[in-house]
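Please open the structure in a viewer and keep the selection panel at hand.

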Amino acid sequence: MNLEKKKRYFETDPEVSKTDANQNNNDFEVYNIKINPKSLKRKPSHFKNKNDGKVLKKKFSGKSPINPEKLEKHSRGEGIDHNNVKHPLHAAKLKKRENKLNYAQKQAARSEILLTEQQGSLVVEEGVKTTSISQKTIKESVDIAAATKIFDLKLDFGPYRAKYSRNGRHLLLGSAKGHLAAFDWVTKKLHCEINVMESIHDISWLHVETMIAAAQKEWLYIYDNTGTELHCIKRLDKILRMEFLPYHFLLATVNEYGFMSWLDISIGEIVSHYNNHLGRTSVMTQNPYNATLCLGNSKGVVSLWSPTVKEPLAKILCHKTPLTAITVDNRGMYMATSGVDRSMKIWDIRNLDGPIQDYRLRSAPVDLQFSQKDMLAVGLGEVVEIYSNCCTQTVDRPYLRHRMAKSINNFKFCPYEDVLGIGTSNGFSSIIVPGSGEPNFDALESNPFQTKKQRKEAEVKALLEKIPAELITLNPFDITEVDVPSMKEQMEAKKKLLYLKPKKIDYTPRYKNKGKTNIARKKIIKDATRKEQIEQAIEAKKHLNLPTDQNIPKQSFGVLNRFVPKPKIKK
Amino acid sequence: MEDIEDTDYVASEHDILVKAISKLDKTQHITEPTRNEPTIDNSEFHLHKRSNELDLSNVVEALEGTAIHVKIGKKLKKIQNKSQVLKKPLEKPQAERIKRAIGYEENKKKIGRWDPVVARARTVDYVSFPIKHVSNKLQSTGEFLSKLKLKSALEKELDEVDPPAEVMEEDEEEQTYPMSYEEMIEHRQHSAKLRAQESYKAAKAKRQSKIKSKKYHRILKKEKLKQQLKEFEDLQKKNPEEALQKLEALEKARALERHTLRHKNTGKWAKNQLIRAKYDKEVRQQIAEQLAVSRSLTHKTQDTESTDDEADNNEAIPDITLSQDPMNPWMLQRSDKSNVDAEFDFGYKKYLKDKMFKRKDNDSESDSNDEDANKMVSEKINSLKESIAKLATSDIEGSAVEEFIVDTNKLNKEIANLKASNNALDKKKKKKSIVATSNWIVEEVGNSIRNDITQEVSSAFENLEDDVANKVEQKLKMLREDIERIGKSEKPFKNTRSKKDTEKDIDNLEYLKLKNQKTKTIIDEELLETNKSKKTEDSDVINSAAKIIETAQHNTQDGVSTDIDPNRFIEVKPKYLNTALSNLDNDNDELDDDQVVPKVNIEEVFEEDDVVASFRQEKEDEAKKDQPTDIDLSLPGWGSWGGKGVKAPKRKRNRFILKAPPKMPRRDENKGDVIIKEYKDPKMAVHKVTDVPFPFTSIKEYEASIRAPIGNTFIPESAHKKLIRPSVITKAGTIIEPMDEEELLLQKNRNFSNNDVLRLLAKK
């Protein structure tokens with residue numbers, strides 16, 4: 001067995017960078033260059049014979065080409081066709097602006113070269129399964145710094161819930177028996193440790209690591225990193241689950257009676273508070289893509305909620321049994337749900353479609369969690385199984401399996417680390433899952449090595465860029481679209497005015513919902529199923545070993561073919 | 001002295017006299033000025049009248065007398081001819097107007113020089129002021145000299161340790177031109193020539209594209225097709241791989257063409273022809289051809305597996321009644337191999353067909369059919385003979401048809417008989433049809449005898465078959481009559497016998513069937529069973545496959561079911577995973593991953609069907625709730641009887657019931673068990689744009705303009721800086737002078753060439 005050493009962002013490895021460079025060299029692509037009059041005019045004279053002590057003047061051959069795939073990745077969609085803008089001056093200006101946006105796109109693609117870190121992985125010999133690798137072997141084969149990330153905390157106060165801060169540096173533990181602890185888990189430096197003398201149902205970091213929210217038996221409390229109680233919010237009572245929406249500064253909660261509330265922690269106001277009429281449910285997660293809340297109920301329905309609408313934005317019937325866990329991946333593409341019926345399904349949450357995958361497990365999962373690189377951790381009693389790449393394709397076996405002697409309460413992947421932190425019935429354990437975390441971090445977004453000053457700066461900046469709660473909708477790009485219905489209304493009203501020339505406006509939206517019409521969709525489905533059926537039939541025929549001698553072409557006699565004896569078809 | 005005084009006196013006296021006399025005349029006379037003096041303002045009284053103008057001719061007339069005077073007179077005349085009288089000055093307002101106009105023009109020109117400067121400044125990303133960045137600060141001598149300093153001791157030492165790189169002076173390169181003068185001229189001529197040729201070609205193409213003649217286009221198309229074929233054949237020889245690729249492309253094109261409805265009778269031309277077809281036979285023929293073409297194009301390529309059967313059926317079944325009719329497009333289609341669309345069949349299609357049937361013999365590929373045809377004829381005759389023999393023997397063997405046994409001799413006889421006896425018209429028709437349909441008539445070579453034979457044989461066969469069929473029918477009739485007559489005791493036996501007979505006959509006459517039914521995939525269950533001995537997995541797979549096929553078959557039998565329930569199809573197969581069992585559940589749990597999990601249906605405690613049902617009900621309700629309903633404004637009983645069971649009259653219904661707008665498709669309509677709320681969020685609407693601002697006229701363009709973020713959290717800093725740069729940048733603390741005319745000379749301003757903007761700004 002060969003275990004690859006994990007590369008951390010702080011470990012510079014010259015070899016890696018070398019191979020990287022080589023790869024880049026090999027990755028050259030050939031581009032078709034248009035010949036324009038300019039290029040005809042000047043032929044570069046690369047070599048000069050006058051070499052006597054004078055500097056060879058090489059012509060600058062221009063910037064290196066960009067990988068079109070990367071360019072496509074940073075694309076913001078189709079640009080303006082400035083020919084459609086009648087006013088020549090504005091058309092010229094828009095063209096200039098378009099050029100700048102293209103420059104931005106190219107620059108973004110170019111700056112990907114700065115993302116030098118690579119995703120970790122497990123490399124095993126043939127015939128050896130990755131599942132057979134235990135944490136012990138991993139610990140033996142990684143470097144010392146990484147090995148410290150595997151640890152166990154034996155704590156006495158019952159089942160623990162664990163949550164990492166957004167930059168992955170700090171860990172918060174809260175137990176059902178009131179034990180609340182916050183610490184820097186990398187250095188193992190304790191920030192605070194208190195017992196609130198009440199049951200803690202859920203915990204959450206707020207926008208910075210100096211503030212902690214704990215949902216206690218009665219009310220919601222906010223502590224600072226030294227354990228001092230800052231607030232007791234009595235309007236939020238009997239809370240079961242909490243989610244912090246970092247860009248909106250909202251603490252979203254659901255309580256025992258099904259009341260959902262969004263607390264704006266920057267101004268200390270409850271933005272929205274209503275009952276979801278789903279009854280008691282403790283299955284909740286947020287969709288990081290659009291900041292909606294996903295709530296699973298006992299009827300197997302997942303509903304999506306926003307603070308402005310008092311009814312679910314969408315409902316999906318996922319299972320026929322009560323749900324046990326939901327998780328949504330980082331990009332908001334996939335949602336994994338699991339039910340009591342021991343099934344686990346993957347859904348296309350962006351299109352509200354699915355299921356994409358349907359897995360049947362041998363026991364009902366306790367918790368599900370997607371990592372930054374879309375690995376899915378499944379908690380089954382006292383075993384955690386991690387599946388990699390299980391959304392787009394059907395996997396056969398887990399990537400990793402970790403067994404403990406204590407039952408799992410919840411777990412979270414640590415951002416920017418290949419670590420999974422598991423809150424268990426008697427403590428906390430941290431395991432390494434190679435390749436689960438995002439290797440490159442954006443220090444302006446969330447910085448694991450943040451200093452105090454940086455933290456303060458980031459806090460101010462985040463507050464300035466706070467997104468209003470009203471903008472939480474299913475489609476986060478709603479805001480970039482023109483409100484066509486009300487615009488039409490306005491236009492109608494204007495048309496009624498006398499002596500006013502109505503504007504001529506083309507109402508076609510930027511994105512037509514192609515393939516979403518009834519007929520088109522049906523056709524697609526029909527075609528797809530037919531194709532599948534045909535394929536399956538062919539496959540089946542192969543299996544059945546039907547006599548293929550029919551394929552032999554026979555001599556044709558034209559009109560006289562009728563006299564050729566026919567083989568009788570078996571019936 | 002006295003005299004002088006006297007004359008003076010006389011003169012004054014005379015003046016007085018004249019005055020007195022003139023006073024007698026009451027009109028006032030303006031005395032003409034005897035002398036003019038240049039003054040600024042002319043008195044209106046001093047103007048010369050035209051009448052007073054000196055007419056030189058008069059003077060000349062007076063001078064006529066002496067020879068010298070004549071000369072002078074001529075001179076004077078000449079002078080007068082040459083000279084021009086100055087025109088009267090213009091009226092003041094007109095003169096002013098002209099002056100203004102000229103002034104405007106001049107000024108316009110003068111100011112117009114600034115147009116590109118202004119336009120450039122308007123369109124450019126940003127303008128920075130002051131425009132001239134000349135540092136007006138001169139260095140003082142001392143300052144300048146202070147910079148010239150020898151190296152310090154440390155520097156010297158450092159230089160010794162690490163001598164600085166010599167600053168290489170780049171010698172000024174002599175300018176290299178890409179082309180010499182001659183080359184340039186040559187290049188230019190070449191490009192001019194190219195351009196000229198291009199224009200000729202364009203003109204030609206334009207001219208040709210305007211030709212409306214159908215015939216011309218038809219010929220053109222044919223030529224093109226031929227050319228293509230030729231090229232293709234060449235390619236086949238040279239580069240078979242590429243040829244194959246091309247062939248595939250052709251096949252694809254054909255498939256695409258099959259999708260379209262071309263060559264049908266739906267085009268404009270076809271419709272017109274259809275009208276005419278009633279009266280014109282030729283036109284009918286044309287339409288038939290067209291349809292035949294369409295048939296041949298839309299003819300489905302056969303699967304290799306089923307080719308032999310279907311091909312047999314398609315080719316071998318002559319349709320006697322239908323083949324009589326030369327107008328029948330379907331028959332034309334059948335005979336498309338031979339004559340009708342020789343123009344359509346000589347090309348790649350033929351090749352395609354060959355490919356389809358996987359014929360390896362080359363004879364079909366070659367275009368020279370003559371010899372091959374001969375061969376084929378002889379072969380066919382042979383085979384025919386054989387088959388005749390077979391037929392005879394089989395007939396002999398089948399005792400039931402004894403009465404109708406026709407041995408070959410008899411057959412020949414009958415042929416002769418039939419030839420004689422059959423009525424002329426029928427025969428003609430048949431012959432005609434044969435000529436039209438047969439594949440192997442080659443009259444040019446001159447084997448007419450063989451041809452005749454084949455014709456005879458085929459016609460004979462057809463006749464014979466007709467005969468046989470007729471006889472069978474007659475016999476059947478007779479039998480039926482017999483059955484009716486004879487008592488019931490004999491019935492079953494005879495019946496069975498007759499049935500047998502008919503069956504056999506029908507077997508023989510199978511070709512009489514019009515068309516084969518759709519071929520069905522049939523699965524042998526026995527075969528399935530044989531596979532059971534294999535692994536369970538395999539059997540599972542097969543079972544499911546068989547099921548699929550069965551369902552497919554079922555579908556084909558039922559006919560195409562257009563109504564599709566997506567829920568039925570998008571069923572992801574559950575994947576059973578070998579997950580670990582926790583110790584709580586099971587103690588002995590070190591499972592190998594390869595071990596197959598038994599797919600036992602777990603008794604799902606929570607399985608309640610009404611969960612699904614209630615969800616669907618909810619979805620329906622939601623859809624209904626959003627759906628607008630008709631509004632009934634009628635007052636029941638107003639103007640007519642009201643009450644239960646009384647229907648409002650139609651007029652009332654039309655007038656008082658407001659129709660709801662048509663239902664808009666919901667987002668979750670086809671998504672299965674998903675409900676998506678359709679709502680308008682007023683809080684969100686506040687943030688949304690409800691108007692398209694000025695330069696945009698379409699929503700698409702506007703949305704495209706705001707599609708990309710400009711903040712530095714989303715895009716690289718350099719791009720962000722570029723995007724947020726203000727359009728006017730002024731340097732603080734400097735005087736911004738107005739532009740001077742030097743700006744006009746700048747290259748960037750002179751090169752500005754956005755004419756639209758220039759025109760727009762000039763208009764202003």
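**Helix 11 of chain B**

Begin with B:Lys268 and B:Ile275, the exposed residues on the face of helix 11 of chain B that is turned away from its buried side. The model in view is a predicted one. Next select B:Ala270, B:Gln273 and B:Ala277, the buried residues of this helix, which spans residues 268-277. Viewed down the helix axis, these buried residues fall within an arc of 65°, and therefore line one face of helix 11 of chain B.

**A patch of lysines**

Select B:Lys71, B:Lys74, B:Lys75, B:Lys77, B:Lys78 and B:Lys82, which form a surface patch of positive charge. Within this group, B:Lys74 belongs to helix 3 of chain B (residues 67-82). B:Lys74 has a relative accessible area of 59% and is exposed, because the threshold for that class is over 50%.

**Backbone exceptions**

Most residues other than glycine have a negative phi, and most peptide bonds are trans. Proceed to the bond from B:Phe129 to B:Pro130: this peptide bond is cis, with omega near -5°. B:Pro130 is located in the loop between strand 1 (127-129) and helix 6 (141-147) of chain B.

In chain A, select A:Lys188, a non-glycine residue with a positive phi of about 60°. A:Lys188 sits in the loop that runs between strand 4 (179-184) and strand 5 (189-195) of chain A. Then select A:Asp374, whose phi is likewise positive, near 60°; this residue is in the loop between strand 22 (367-370) and strand 23 (375-380) of chain A. Is A:Asp374 buried or exposed? With a relative accessibility of 12%, A:Asp374 counts as buried, whereas A:Lys188 is partly exposed at 37%.

**Salt bridges**

Over all chains, the whole structure contains 30 salt bridges. One of them joins the side chains of A:Lys406 and A:Asp152, at 3.8 Å from N to O. These partners are 254 residues apart, with A:Asp152 in strand 1 (residues 151-154) and A:Lys406 in the loop between strand 25 (400-403) and strand 26 (408-413) of chain A. A:Lys406 is buried at 11% relative accessibility, while A:Asp152 is partly exposed at 46%.

Move to chain B and select B:Arg113 with B:Glu741, a salt bridge of 2.8 Å from N to O. This pair links distant parts of the chain, 628 residues apart.

Finish with A:Glu311, B:Glu622, B:Lys625 and B:Lys677, which a network of salt bridges links together.

Methods:
Residues are numbered from 1 along each chain as its sequence is written. Chains are lettered from A and ligands numbered from 1 in the order in which they are written. This is a predicted model: local features need pLDDT of at least 70, side-chain atom pairs count only at pLDDT 80 or more; totals for chains, interfaces and linings use all residues. Side-chain values use heavy atoms; hydrogens and water are left out. Patches are made of residues with over 30% relative accessible area and no salt bridge: like charges are joined within 9 Å, nonpolar side chains (Val, Leu, Ile, Met, Phe, Trp, Tyr) within 5 Å. Accessible areas come from the Shrake-Rupley method with a 1.4 Å probe; for residues, only the protein chains shown count as cover. A salt bridge is a side-chain nitrogen of Lys or Arg within 4 Å of a carboxyl oxygen of Asp or Glu. Lys and Arg count as positive and Asp and Glu as negative; His and the chain ends are not counted. The place of a charge is taken as NZ of Lys, CZ of Arg, CG of Asp or CD of Glu. Helices (H or I, at least four residues) and strands (E, at least two) are DSSP runs, numbered from the N terminus. Buried means under 20% relative accessible area, exposed over 50%, partly exposed in between (1.4 Å probe, protein chains only). The arc is that of the directions from the helix axis to the C-beta atoms.
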